[in-house]
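Here is my note on the model you sent.

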Amino acid sequence: MKRRSGHRARLTLSPNQVAKLDEQAHAARALWNLLHEWWTLLPKHKRTLAAANAAIRQARKDIDWLAVLPAQAAQAVLRTYHQAWTNCWKGLACAPNFKARFRTPMSVDITQERRMRIVRVHRRWGMVTIPKVGRVRFRWTRDLPIGRHADEGNRVTGARLIKDALGWHIAFRVQTAHLRPGVHPGPEVGIDLGIAVPLALSDGTEFHHGDWLNDKEKATLLCLEQHAARRKQHHKPGEKTSRRLQHTYDQMAGLRARAKRRALDWQHKTTTDIAERYGTVVVEALKITNMVASARGTVDQPGKNVAQKRGLNRSISAESWGRMIGMLAYKTVRRGGTLHKVPAPGTSQRCSACGATTPGSRQSQARFVCKNTGCGWSGNADHNAARNILHLYRIGLVAVPAAGRCSRQAHKRVKPATAR
Ligand SMILES: [Zn+2]
């Protein structure tokens, strides 16, 4: 069983090499934009991969600044662009569009593994060749299948260079061969995703995390944000951003990237832990895009509690539930387990002992006391929701995502009802 994964490592580059890679990335983005313009202006029956390939070759001859981009990277732009259309035709994504200079993450593709000549030179360092840049060092944090460790099943198939707030990174495309995992013997578990308690499990376990930035870092970030806001008051539309303001933006991006890294680290550790322990994991099928919709309303009918909703939306977005579910999905499969999604409505209002939804049962954010006569179950509200989620799976109410980009879930009974 072949498994394809990515491994990301930080590159050590000189300022000159950074400038060269920046140039390449801008050329790749410009090539995408040229390609998109060419493609959309062409009549539909003439839009073929071969024609696009020929057009790119011609463009590389005619336009001087496109030559900074290695030929293989230019081919990769075409492949990615075509894949974007294929995904659109399948209904998985929206149609590709132009890439803006400042909003697009900078990246360059390396398609030929053998020209990268990856070697390990030190316990902590590896070396790799980047086309038109040369030999560079990268942090060695995980063993890659190279040299005598490489074979048909286990190898590096390529890489992509990506720039973020911390500089240029290399993401290796790694292919490894594995035995198909046996069925995970672990128990079933329902998970309630929340804000006060990020993860509450139906067996009573809770996963918590602190703030991603410490007090000093938060104060620095606030100070930078205020500084940027003050500077922006004097900024005229269309004027170039001053170097000082740009520097402030970079510092802010650096701090936010640090917070994101810590959040990712926590999510990876937590999801790995869950996937190792449980054989069947059940989560809610959340429509996160709908949940974080603004309460602003229209000019004629302005919404209520807009600021509160904005704060809630930020908290929901900060928890990155979608990313967490994505991680759980592949991690459970790798260990022979399964991930299921059940319809979300009512799971936090219903009593998990008697199954009744009685008004006033949820007493506060944390406390649930069943108001149904003769029941009176009480406990943590998130724990109650997690138990409900597991119960929905056990009675066979599993949400099957509808085909296409539409995220509306179709509910379908897949298992006969069993006793609670
Ligand atoms: Zn009850």
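1. Start at Arg120. In this predicted model, Arg120 stands opposite Gly126 of strand E4.

2. A second open sheet has 5 strands. Their order is E10-E9-E8-E11-E12. Here the pairing is mixed. The edges are strand E10 (206-207) and strand E12 (338-343), and each of them pairs on one side only.

3. Look inside that sheet at E8 and E9. Strand E8 spans residues 188-193, and strand E9 spans residues 199-201. They run antiparallel, with 3 bridges between them. Leu193 has Leu199 in E9 as its bridge partner.

4. A helix lies over this sheet. Helix H9 (residues 381-394) lies across E8, E9, strand E11 (280-285) and E12. Relative to E8, H9 runs at about 130°.

5. Next, a helix pair. Two packed helices are described by the angle between their axes and the distance between the axes. For helix H2 (residues 49-62) and helix H3 (residues 71-89), the axes come within 11 Å and cross at roughly 145°. The crossing of H2 past H3 is right-handed. On the H2 side, Leu49, Ala52, Asn53, Ile56 and Arg60 make the contact. On the H3 side, the contact residues are Ala74, Leu78 and His82. What is the make-up of this contact? It has 5 nonpolar residues, 2 polar and 1 charged.

6. Then the domains. The domain assignment gives domain 1 as 1-179. Domain 2 is given in two segments, 181-212 and 265-420. Between the C-alpha centres of domain 1 and domain 2 there are 37 Å.

7. Last, the whole chain. The protein has 9 helices and 16 strands. Its C-alpha trace spans about 80 × 60 × 55 Å along the principal axes. Of its 420 residues, 21% count as buried. Take the contacts between residues at least 6 apart in sequence: 64% of these join residues at least 24 apart.

How values were computed
Residues are numbered from 1 along each chain as its sequence is written. This is a predicted model: local features need pLDDT of at least 70, side-chain atom pairs count only at pLDDT 80 or more; totals for chains, interfaces and linings use all residues. Domain bounds come from an automatic or database domain assignment. Axes are lines fitted to C-alpha atoms, for helices over the stretch in contact, and angles run from 0 to 180 degrees between N-to-C directions. Helices (H or I, at least four residues) and strands (E, at least two) are DSSP runs, numbered from the N terminus. A crossing is left-handed if the near helix is turned anticlockwise from the far one by less than a right angle, and right-handed if clockwise. Two residues are in contact if their C-beta atoms, placed from the backbone, lie within 7 Å. Ala, Val, Leu, Ile, Met, Phe, Trp, Tyr, Cys and Pro count as nonpolar, Asp, Glu, Lys and Arg as charged, and the others, Gly among them, as polar. Two strands pair if DSSP finds at least two bridges between them. A residue is buried if 20 or more other C-beta atoms lie within 10 Å of its own, exposed if 12 or fewer, and partly exposed in between; C-beta atoms are placed from the backbone.
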